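Trainee: I'm new to this one. Could you walk me through how to read it, feature by feature?

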Amino acid sequence: AQMVREARANIDEIDADDAIAMLEDPGVVIVDLRDVSERQRGGYIPGSFHCPRGLVEFWVDPDSPYYMEVFGQDARFVFHCASGWRSAITVDTLQRMGFDNIAHIKDGFTSWQAAGGPVEMPE
């Protein structure tokens, strides 16, 4: 909990309503950090990019053999997890790695659903 509090003091937090308003913006990439099982069980934000939390530092780093081109886009990246803890720590870590123009959904996918954000279910 202490690490989350410290991370939140250093990052840009977006509430669910603002994140929902960004959904159709082509300059925004929503990144889902949750496990595959969480996405299968509860659904996901339409159009979101799935990047499991354990891989994010490797997928974002252009010098990594695991780099994913999606993170090379000139876009605003909005990360989320279920409740905002993993995404807060992730955004803080990525900022320290030099990755910028990033934020997270303050209370995660739970707040997205509570605010009436669209949810897509896997087939």
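Trainee: Let me begin with a single residue. Which residue is the bridge partner of Val31 in strand 4?

Mentor: Keep in mind that this is a predicted model. In strand 4, Val31 has Phe79 as its bridge partner. On the strand 3 side, the partner of Val31 is Phe49.

Trainee: How many bridges does strand 2 make with strand 4?

Mentor: Strand 2 and strand 4 pair over 5 bridges, in the parallel sense. With strand 3, strand 2 (residues 28-32) also pairs in the parallel sense, over 2 bridges.

Trainee: In what order do the strands lie in the sheet?

Mentor: The order is 1-5-4-2-3, an open sheet of 5 strands with parallel pairing. At the edges sit strand 1 (13-14) and strand 3 (49-50), each pairing on one side only. Helix 5 (residues 85-96) packs on the sheet, where it touches strand 4 (76-80) and strand 5 (102-105). The direction of helix 5 makes about 175° with that of strand 5.

Trainee: Back to strand 2, then. Which way do its side chains point?

Mentor: The general idea is that side chains in a regular strand alternate between the two faces of the sheet. Here, Val28, Ile30 and Asp32 point one way, while Val29 and Val31 point the other way.

Trainee: Is strand 2 enclosed or open, and why?

Mentor: Strand 2 is largely enclosed by the rest of the structure, because 5 of its 5 residues are buried.

Trainee: What about the nonpolar core: which residues have the most contacts inside the largest one?

Mentor: In soluble globular proteins, nonpolar side chains tend to be buried together. The largest nonpolar core in this model has 20 residues, and those with the most contacts inside it are Val31, Phe71, Phe77, Phe79 and Phe99. At least two residues of this core come from each of helix 1 (2-8), strand 2, helix 4 (56-60), strand 4 and helix 5. Take Phe77 as a case: leaving aside residues up to four places away in sequence, it touches Val29, Val31, Val70, Phe71, Phe99, Asn101, Ile102 and Ala103. Another core, of 11 residues, lies apart from the largest one, and its members include Leu23, Ile45, Val78 and Trp112.

Trainee: Now for charges. How many salt bridges does the structure hold?

Mentor: Side chains of opposite charge can pair when their charged atoms come close. This structure holds 7 salt bridges. One of them links Arg39 with Asp32, with the closest N and O atoms 2.9 Å apart. Both Arg39 and Asp32 are buried.

Trainee: And which residue does Asp92 form a salt bridge with?

Mentor: Asp92 pairs with Arg96, and their closest N and O atoms are 3.5 Å apart. The two are 4 residues apart in helix 5, so about one helical turn separates them. Asp92 is buried, because its relative accessible area is 12%, whereas Arg96 counts as exposed at 65% relative accessibility. Elsewhere, salt bridges that share partners join Asp32, Arg34 and Arg39 into one network.

Trainee: One more: what is the salt-bridge partner of Glu57?

Mentor: That partner is Arg53, and the closest N and O atoms are 2.9 Å apart. Arg53 counts as partly exposed, since its relative accessibility is 21%.

Conventions:
Residues are numbered from 1 along each chain as its sequence is written. This is a predicted model: local features need pLDDT of at least 70, side-chain atom pairs count only at pLDDT 80 or more; totals for chains, interfaces and linings use all residues. Side-chain values use heavy atoms; hydrogens and water are left out. Two strands pair if DSSP finds at least two bridges between them. Contact means heavy atoms within 4.5 Å. Axes are lines fitted to C-alpha atoms, for helices over the stretch in contact, and angles run from 0 to 180 degrees between N-to-C directions. A nonpolar core is a set of buried Ala, Val, Leu, Ile, Met, Phe, Trp, Tyr and Cys residues joined through side-chain atoms within 4.5 Å. Buried means under 20% relative accessible area, exposed over 50%, partly exposed in between (1.4 Å probe, protein chains only). A salt bridge is a side-chain nitrogen of Lys or Arg within 4 Å of a carboxyl oxygen of Asp or Glu.
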